[in-house]
Amino acid sequence: MTTLNDEIKSGLPQGEAARRNVASRRRTGAIWRTIFLSATIIGLIALSLLIYNVVNEVFGYVATEYAVDPATLSDKPIDELNKDELVAVLQDNMRANAFRTLERDKPMADRSESEVYDLVIERVLKPQTLETWTLRDSWFNKAAIDAQVASEFPEAKLEFRSWLTAGFLTTPMSSDPLRAGVRTALLGSLWMIAITILFAFPIGVGAAIYLEEYATDNRFNRIIQTNINNLAGVPSIIYGMLGLVIFVRTLEPLTSGRIFGADSGNGRTIVAASLTMMLLILPIMIINGQEAIRAVPLSLRQASYGLGATKWQTIWHHVLPNALPGIFTGTILAVSRAIGETAPLIVVGASTFIVTDPDGPFAKFTALPIQIYNWTSRPQPEFAHIAASAIVVLLVMLLSLNAIAVLLRNRFSKRG
Amino acid sequence: MTEKQTDTANYSLTVRNMNVYYGTFRAINNVSLNIERNKITALIGPSGCGKSTVLRSLNRMNDLVNGARVEGEVLFHEQNLYANDVDAVEVRRRIGMVFQKPNPFPKSIYDNIAFGPRINGWKGTKSEMDDLVERCLRQSALWDDVKDKLKESGLALSGGQQQRLCIARALAVEPEVILMDEPCSALDPISTLKIEELMMELRQRYTIAIVTHNMQQAARASDYTAFFLMNDQRAGELVEYGPTGDLFTNPKDKRTEDYITGRFG
């Protein structure tokens, strides 16, 4: 008889060596854990820096000066004037035809006192921005700001303001950063995304179903599959050029709305941009859709077929409902990408300056990324502040669309 | 166990010279088998011997496997199921199937059962459907467990209950034959016993073919047993087929005897 420990030479460490071996394996694990933790922390730092940068620009002190001295308008400070006196000030200090235009938009009698007050500020006093400061400066260097204002602009009014206001959302584009808003761009982005989803969702899901459920494994279908995978990596500006050639130029009668009786002159419309975005996100949506469909367990399909269901009944009643949460996740990712895309929009001709709301798929439009891009390229510092505000609007829009999609997804995965 | 083997009216399914291929690989070699009406036929044999493949060929479930091909005939009411004018969808309604792992749909218990009739063109009223659901659940001995929670998900049931739900679901499309592919392999002994009792009940109205790894199960819960084995080319062959009592007490083939006595290498 041989005893285990004495006679059989074991390849495994014994006794003290075994303990050391376990400790060393645990150390290796701890090192990797630290590496993964630092990767997460780096990501968090990057995100915090981004948020800090945006917020830093959105709030801060602004020194403004009125082009007209309020003291010259009336005996009393204008804050104490009542509505009739304010209207009188307006009438006295504006050109007659400009005043008539205002009256035609909305009679003075119908306007509230604060509305008239705002008009006096805007049309008569005409505030000019002299200097702006970031949130960090406003917070930590208040004394320096006060000193600078006192020496350089003794007349100026210094106030802390948020560049992102309710008015910012509801006013259209303007060349004056104090009065510019993102209304047109926001509506443009919403229109564009709605139409993009409208086209991309059915086409993407349809293609995913065909490729996953019907396409046989032959050379032709493999080529299609490979090409879809590659298309997902094509730079977006290439899609922009494709969209320019196909949708803006070739399909101009369609995209300008001429054959629908809504002629907008040329093909640089919301629908052309949406179709371009659709091309851009289709590969992502198809690939995600296929993965979601592939993840539906075989046992479920077998159960359905075993009851005498046809292929289509199996797909419709079991495969699609069970793949839907995954398809929604893919759609969220794809749409998020489309919302933030700028390059293809520039190529297909989104307007950079437009003040009329888009009124349908064939309208001229601009989009939030275009607006941000436009503002960030201006030299005046005020535009950096409103660009940051527009970024906040874009981020909030993105997050709320994602939230809706997540809610939808959860709703569908709770079925049954 | 005294039916005359020559009386074809007693056969629910007749398999003649069946070969099954996966691509170029022959998985089943020349199997002929008669499945008796209103009896339980067990298909036994070691892993990989092709018993599940044979079972799945009986209602054309193998059509769903890429590259699977069946030669020979499977006669059902004197009609070859593999004839060109036979639609597999119709075959699968009349020859139902219960799978190894309980696979209820992620829907309510009610909808699990109502699904089959609905997709097969059910024309009845809501109350007729209620009756049908109750009847199927009673037949599968599940009614008392679930009658108060028909709207709850089928996935909330225990494994054994899920499998009985799957049987109830199969019954709802009024099949003549029920194929069971190792229906108890994922279940505990008590649930297994319930399924076996259920099979005994169902035998009065349906023909049942069951694949099982469990020889005790075949011995106690089947009327006929077919023993399969791989040949040298790794293709499944039918070694012996006969009344369960005879096969287990007096096997004609040496290999059958080795297998059922556990002496198989």
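How do helix 6 of chain B and helix 7 of chain B run relative to each other, roughly parallel or roughly perpendicular? Let's start there, keeping in mind that this is a predicted model.

## A pair of helices in chain B

Helix 6 of chain B spans residues 159–171, and helix 7 of chain B spans residues 189–202. Their axes come within 9 Å and cross at roughly 20°. Angles under 35 degrees count as roughly parallel, so helix 6 of chain B and helix 7 of chain B are roughly parallel to each other. As for handedness, the crossing of these two helices is right-handed.

Who meets whom here? On the helix 6 side of chain B you'll find Gly159(B), Gly160(B), Gln163(B), Arg164(B) and Ile167(B). Helix 7 of chain B answers with Ser191(B), Lys194(B), Ile195(B) and Leu198(B).

## A hairpin in chain B

If you want a spot to look at, Leu13(B) stands opposite Ile35(B) in strand 2 of chain B. Two residues sit between the strands of this hairpin, and Gly23(B) takes a positive phi near 65° there.

## A three-stranded sheet in chain A

Over in chain A, three strands make an open sheet in the order 2-1-3, with antiparallel pairing. The edges are strand 2 (127–132) and strand 3 (157–162) of chain A, each pairing on one side only. On average, neighbouring strands of this sheet are turned by 40° against each other, direction ignored.

Strand 1 (residues 59–66) of chain A is joined to strand 3 of chain A by six bridges. Within that pairing, Tyr61(A) stands opposite Phe160(A) in strand 3 of chain A.

An unreviewed UniProt entry annotates "transmembrane region" for residues 30–52, 185–211, 231–248, 269–287 and 383–408 of chain A. Take two of these. Residues 269–287 of chain A are 95% helix and 0% strand, with end C-alpha atoms 28 Å apart. Residues 383–408 of chain A are 100% helix and 0% strand, and there the end C-alpha atoms lie 37 Å apart.

## Where the chains meet

Chain A puts 15 residues in contact with 23 residues of chain B. Helix 14 (298–306) and helix 15 (311–340) of chain A each supply at least two residues of the side of chain A that touches chain B. The largest share of that side, six residues, comes from helix 14 of chain A. What is the make-up of the side of chain A that touches chain B? Its residues divide into five nonpolar, 10 polar and no charged.

Methods
Residues numbered from 1 in each chain as written. Chains lettered and ligands numbered in written order. Predicted model: local features only at pLDDT ≥ 70, side-chain atom pairs only at ≥ 80, totals over all residues. UniProt positions renumbered as here; feature names shortened; annotations may be inferred. Helix = DSSP H or I, 4+ residues; strand = E, 2+ residues; numbered from the N terminus. Contact = placed C-beta atoms within 7 Å. Nonpolar A, V, L, I, M, F, W, Y, C, P; charged D, E, K, R; others polar. Pairing = 2+ DSSP bridges. Axes fitted to C-alpha atoms, helices over the stretch in contact; angles between N-to-C directions. Parallel < 35°, antiparallel > 145°, perpendicular 65-115°, else oblique. Left-handed = near helix turned anticlockwise from the far one by under 90°.
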